[in-house]
Amino acid sequence: MPELPEVETVRRGLAPAMEGAVIAKLELNRPDLRFPLPENFAEAVRERRIVSLGRRAKYLLIDLEDDLTVISHLGMSGSFRIEDETPGAFHHPRSKDGRHDHVVFHLAREKGPLKVIYNDPRRFGFMHLWKRSELDLYPAFAELGPEPTGNALDAGYLAGRFSGKNQPLKGALLDQTVVAGLGNIYVCEALWRSHLSPKRAAGSIVTKTGKPKKELALLNDAIRDVIADAIAAGGSSLRDHIRTDGSLGYFQHSFSVYDREGEACRTPGCGGTVARITQAGRSTFYCPTCQK
Ligand SMILES: [Zn+2]
């Protein structure tokens, strides 16, 4: 399942192909994904220029002229790939099953036509059409907290959210109203990097006067760093993927603690073993020796 860094990687991969292009035709090969596709979707976007590609949490935003945005969520198995339509262009070998090519953007560009294809075997992904000026009213965005890549997330903000909370840090960080787009993997990684136990009460890293303790400052840095590192790693694997088959799917990152149950902790000098526990129905991976 793609988390924020994977969606950001997809955005960065698609931007050079899509930004500035005109949607000559939108091909819809079925009426729905997880939800029905927008009413009159093809007509609504036809002949419109793509102004920019954005992202909010785990949602890709395709901004069109005339205040329209295509909101795209990749679900469990959604991916995009780019096919060059220029006569004589090198054709990437087909790596995906064409039966799952559900939405095809036929793009007219100065540099030559392209197809951007959305493929989704399990169809948990979805697309909505929304007014860009009213994106804050999109239900999934209404309550979202700040992005972990933006300036609004800092230790002072987190202190305000965590103050007096008995909820374990793991759950407090998964709350999308606290930080947008932070998922299970990167919460585990950020807690490991900052040597904080996922079971520790969120309020325990805030002073009595509501200021961030040193641990919370470290946690804030760790959140920003794990996301930035994963986006950077996605960028390097992206270059390889575009070279091989034009697909912008998910990349297997290597994690420091996530999915490493029973293996040696990678904190220098720790000597502990990574454990797995279940919190609120989700697997948590952490090192009981160095995460306090
Ligand atoms: Zn350890």
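**Helix H5.** I looked up helix H5 (residues 184–193) and noted that nine of its 10 residues are buried, so the helix is largely enclosed by the rest of the structure. Buried means under 20% relative accessible area, with a 1.4 Å probe and protein chains only. Helices are DSSP runs of H or I with at least four residues, and strands are E runs of at least two, numbered from the N terminus. Among the buried residues of H5 I recorded Tyr186, Cys188, Glu189 and Trp192. H5 is followed by His195, which has a positive phi near 60°.

**Basis.** I worked from a predicted model, in which local features need pLDDT of at least 70 and side-chain atom pairs count only at pLDDT 80 or more, while totals for chains, interfaces and linings use all residues. Residues are numbered from 1 along each chain as its sequence is written, and side-chain values use heavy atoms, without hydrogens and water.

**Zinc ion.** Which residues are the protein donors of the zinc ion? I found Cys265, Cys270, Cys287 and Cys290, each through SG, lying 2.3 Å from the zinc ion. Donors are N, O and S atoms within 2.8 Å of the metal (3.2 Å for Na, K and Ca); water is not among the atoms, so sites may look incomplete. The site is tetrahedral, with angles of 103 to 116° among its four donor atoms; four donors count as tetrahedral if all angles lie between 85 and 135 degrees. The donor residues are spaced C-x4-C-x16-C-x2-C in sequence. I noted that Cys287 and Cys290 are buried.

How values were computed
Buried < 20%, exposed > 50% of the residue type's maximum accessible area, 1.4 Å probe, protein only. Tetrahedral: all angles 85-135°; square planar, octahedral: opposite > 155°, others 65-115°.
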